[in-house]
Amino acid sequence: MDWPASYTRGMRRPFVGGNWKMNTGAESAPALAAATVTEVGDAARACDVVVFPPACFLIPVRSALGDAAVGLGAQDVSSEANGAHTGDISAEMLKEIGATWAIIGHSERRRDHGEGDHVVAQKLEMALESGLRAVLCVGETLEERKAGQAHQVTARQLRAACASIRAEQMHDVVIAYEPVWAIGTGVSATPQDAAEAHRMIRRELGILYSPELAQAVRIVYGGSLNAANAAAILADPGIDGGLIGGASLKAGDFAQVVRTAAARGQPQGRH
Ligand code: PGA
């Protein structure tokens with residue numbers, strides 16, 4: 001398909017997501033949402049900012065976000081439309097309560113719930129067909145990295161997830177490169193390793209779709225990204241933002257990453 005001419009390299013709008021995981025409570029979730037809105041402030045004009053609270057707090061968080069330019073997403077979505085799937089939440093249900101994004105294929109879902117490439121692909125297809133936007137997570141474990149298979153595994157996950165996704169649907173996908181060994185460990189990937197993985201993912205997108213599409217899709221980094229290391233990691237022009245776990249629970253730290261991403265998102269600052 002044709003992509004708008006403006007989708008040249010450097011025109012991708014930065015994206016920063018806050019994945020709260022299984023944290024916060026009935027009072028602290030809306031409080032964190034409100035603090036995030038305040039701290040992020042005007043930076044949200046130059047960066048897509050989305051928070052992903054636990055499912056049971058989506059509605060109070062939506063109220064706390066009000067009409068601020070901070071989006072709302074779920075940490076997971078069912079691969080099924082409806083019916084006998086105890087504990088699952090469908091894409092339509094999420095839309096009904098005002099969520100517009102879903103994280104799909106997070107390594108903690110792959111690890112804790114045995115989600116393999118096939119179910120991740122089904123979830124991505126269901127989310128996009130239902131009109132949700134998706135953050136698709138890919139990335140290798142430490143064992144896979146040590147075995148020299150980091151790129152191979154990441155590319156396999158990407159190819160499997162995108163197998164039934166049409167080019168025009170990729171407008172609604174942000175890819176998060178999240179090396180599993182960097183998640184929640186305090187040890188982020190080096191800027192060089194992260195940049196190299198992003199280049200590989202963009203190359204794969206070029207093969208799967210087209211070079212134009214590869215330049216248009218946002219690819220963000222996740223794994224111990226925080227206020228202190230954001231400038232170094234987001235310095236590479238191929239890294240379009242981040243998916244943040246631990247640091248997203250502190251509104252000030254999260255906002256600092258948003259500001260860093262927003263500042264580098266100016267077209268003239270990119271090449
Ligand atoms: P972390 O989590 O920032 O706590 O490492 C990132 C993620 O899992 O998305």
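This briefing covers the ligand site, the salt bridges and one aspartate of the structure above. The model is predicted, so local features need pLDDT of at least 70 and side-chain atom pairs count only at pLDDT 80 or more, while totals for chains, interfaces and linings use all residues. Residues are numbered from 1 along each chain as its sequence is written, and side-chain values use heavy atoms, with hydrogens and water left out.

**Ligand site**

- The ligand is surrounded by 13 residues, and the closest are Lys21, His106, Glu178, Gly184 and Ser224; a residue counts as near if one of its heavy atoms lies within 4 Å of the molecule.
- This shell consists of four nonpolar, seven polar and two charged residues. Ala, Val, Leu, Ile, Met, Phe, Trp, Tyr, Cys and Pro count as nonpolar, Asp, Glu, Lys and Arg as charged, and the others, Gly among them, as polar.
- A ligand oxygen atom lies 2.6 Å from an N or O atom in the side chain of histidine 106.
- Polar backbone atoms also take part: one of serine 224 is 2.7 Å from a ligand oxygen atom, and one of glycine 246 is 2.8 Å from a ligand oxygen atom.
- On its own the ligand has 280 Å² of accessible area, of which the protein covers 96% (Shrake-Rupley method, 1.4 Å probe).

**Salt bridges**

- Side chains of opposite charge can pair when their charged atoms come close.
- The count is 19 salt bridges, each being a side-chain nitrogen of Lys or Arg within 4 Å of a carboxyl oxygen of Asp or Glu.
- Aspartate 117 and arginine 156 form one of them, at 2.7 Å from N to O. Aspartate 117 is in helix 5 and arginine 156 in helix 7, so the pair ties together parts 39 residues apart in sequence. Helices are DSSP runs (H or I, at least four residues), and strands are runs of E with at least two, numbered from the N terminus.
- Aspartate 117 is buried at 19% relative accessibility, and arginine 156 is partly exposed at 38%. Buried means under 20% relative accessible area, exposed over 50%, and partly exposed in between (1.4 Å probe, protein chains only).
- Arginine 202 and aspartate 240 meet at 2.9 Å, N to O, and both are buried.
- Asp76, Arg109, Glu115 and Lys123 are linked in a network of salt bridges.

**Aspartate 236**

- Aspartate 236 lies in the loop between helix 10 and strand 8.
- Its side chain reaches the backbone nitrogen of glycine 238 at 2.7 Å.
- Leaving out residues up to four places away in sequence, aspartate 236 touches Ala195, Arg199 and Arg264 (heavy atoms within 4.5 Å).

Definitions and conventions:
Polar contact = N/O pair within 3.5 Å; in protein donor to acceptor, adjacent residues only side chain to side chain.
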